[in-house]
Amino acid sequence: MNEALWKLLPAAVEKVGAGGPPEYYKEMTEADLAPGWARPTPSIWSKPRRNFIPNVWRYSDARTALERSGEYVPMELTERRNLIMVNPVEGNLYATVRNMVAAYQLILPGEVADEHRHTPHALRLILDGKAPVYTVVNGERIDMAPGDVVLTPGMHWHGHANDSDTSAMWIDVLDVPLVQHLESMFFEEYEGELRRPAGAAIGSPFRFETHKIVNESGLLKGHKAGIIPIATAALPTMDLSYIVLPSGSQYALPEATESRILAVISGKADVQIGDQSWTLGRGDVAAVPLWTPFSLDTQENTVVFSVSDKPVHQELGYYHTSET
């Protein structure tokens, strides 16, 4: 019997004014049935309800903690040497927003993160590091530089290596919470050491050189904010884009059924999410929960990386905004 349901049911029955003795309701509960006329909590509501809250994580805080972790976390746990950005809403132990999780990760000089693959789609935004530091995706070496976005689509083998003399740090974003909810998770360790090709792939579809892309767009020479979509459909559950803000510009979006993670690549911006506001610098991350408006204002040239679960809602026909 569902004990939690049984504890709540008598009050729900009384609230709706339904009749019947307690034994009647207990018998149906013991049969794993529940009365639709006396639901303890609503199953349908008039507009989206968000369970996650706006929040900000500081790169400076994460960097200090991760650098100390190098003293305590051995190299065989390199792929786990990360700090998960856990949304502080009550009861949450993992996700950053409803369908995605973000984490800061560190790999020390000379370290290797062994290859594995899994159902969730993933990406990393490189914050610091110098050559040679790279990811290997399905045996293809992809060099990484600060500002780059590197993709590892679901069930692609991937591992990392830092052959430089400087620590490498980045932000990971994955759709693990979505996959957990769907209960369709697979994970597999690669049998063997990390494959380490001598040369890097040229023109890899898994690497996006942010600074080159933004410079070629010319958006920072203008006066209005602009959007540069990247990796269209490469990660089918996530929408990736650069929000390019010339000095003095603003960008805003209304309530929408997507959740979003923002990370500052360069510059500084004031962000307002719902009725809360913060100033974000390079490497700082913000969570924009579902059905929460947000805006960005800047007094210097700024590039913000945006990841949202919009494709999931669009594919299912659930995508809406307060303006549609």
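Which residues line the largest cavity?

Author: This is a predicted model, in which local features need pLDDT of at least 70 and side-chain atom pairs count only at pLDDT 80 or more, while totals for chains, interfaces and linings use all residues. Residues are numbered from 1 along each chain as its sequence is written, and side-chain values use heavy atoms, with hydrogens and water left out.

The largest cavity is lined by Leu 253, Pro 254, Ala 256, Glu 258, Arg 260, Val 288, Pro 289, Trp 291, Thr 292 and Phe 294. A cavity here is a set of points, on a 1 Å grid over the protein atoms alone, where a 1.4 Å probe fits but cannot get out; a lining residue has an atom within 4 Å of a point. The space in the largest cavity is about 60 Å³, a volume being the space filled by probe spheres set on the points, with grid points joined across faces, edges and corners. Sorted by class, its lining holds seven nonpolar, one polar and two charged residues. In this scheme Ala, Val, Leu, Ile, Met, Phe, Trp, Tyr, Cys and Pro are nonpolar, Asp, Glu, Lys and Arg are charged, and the others, Gly among them, are polar.

The count is two cavities of 30 Å³ or more. At least two lining residues come from each of strand E10 (168-174), strand E16 (260-266) and strand E21 (302-308); helices (H or I, at least four residues) and strands (E, at least two) are DSSP runs numbered from the N terminus. Because domain 2 (55-208) and domain 3 (210-316) both contribute to this lining, the second largest cavity lies between them.

The surroundings follow. The protein is divided into domain 1 (1-44), domain 2 (55-208) and domain 3 (210-316), with bounds from an automatic or database domain assignment. From domain 1 to domain 3, the C-alpha centres are 45 Å apart. Six helices and 21 strands are present in the protein, and its C-alpha atoms fill a box of roughly 75 × 50 × 35 Å along the principal axes. Of the 324 residues, 47% are buried, where buried means under 20% relative accessible area, exposed over 50%, and partly exposed in between (1.4 Å probe, protein chains only). Among contacts with a separation of 6 or more, 75% join residues 24 or more positions apart; a contact means heavy atoms within 4.5 Å.

The loop between strand E5 (122-128) and strand E6 (133-137) holds Pro 132, and the peptide bond from Ala 131 to Pro 132 is cis, with omega near -5°. Asn 138, in the loop between E6 and strand E7 (140-143), has a positive phi near 50° without being glycine. At 41% relative accessibility, Asn 138 is partly exposed. Met 155 sits in the loop between strand E8 (149-152) and strand E9 (158-162). Phi of Met 155, also a residue other than glycine, is positive, near 65°, and its relative accessibility of 33% makes Met 155 partly exposed.

Phe 206 belongs to the loop between strand E11 (187-189) and strand E12 (207-208) and, at 16% relative accessibility, counts as buried. Leaving aside neighbours within four places in sequence, the contacts of Phe 206 include Val 137, Glu 140, Ile 142, Val 149 and His 156.

Last, helix H2 (residues 22-30): its buried residues are Tyr 25, Met 28 and Thr 29. They cover an arc of only 105° around the axis, which puts them on the same side of H2; the arc is that of the directions from the helix axis to the C-beta atoms. Glu 23 and Glu 27 are exposed on the other side. The buried residues of H2 pack against helix H1 (3-16). After H2 comes Asp 32, with a positive phi near 60°.

Terms used. 1 Å grid on protein atoms, 1.4 Å probe; cavity = no way out; pocket = protein on both sides within 12 Å on 5 of 7 lines; lining within 4 Å.
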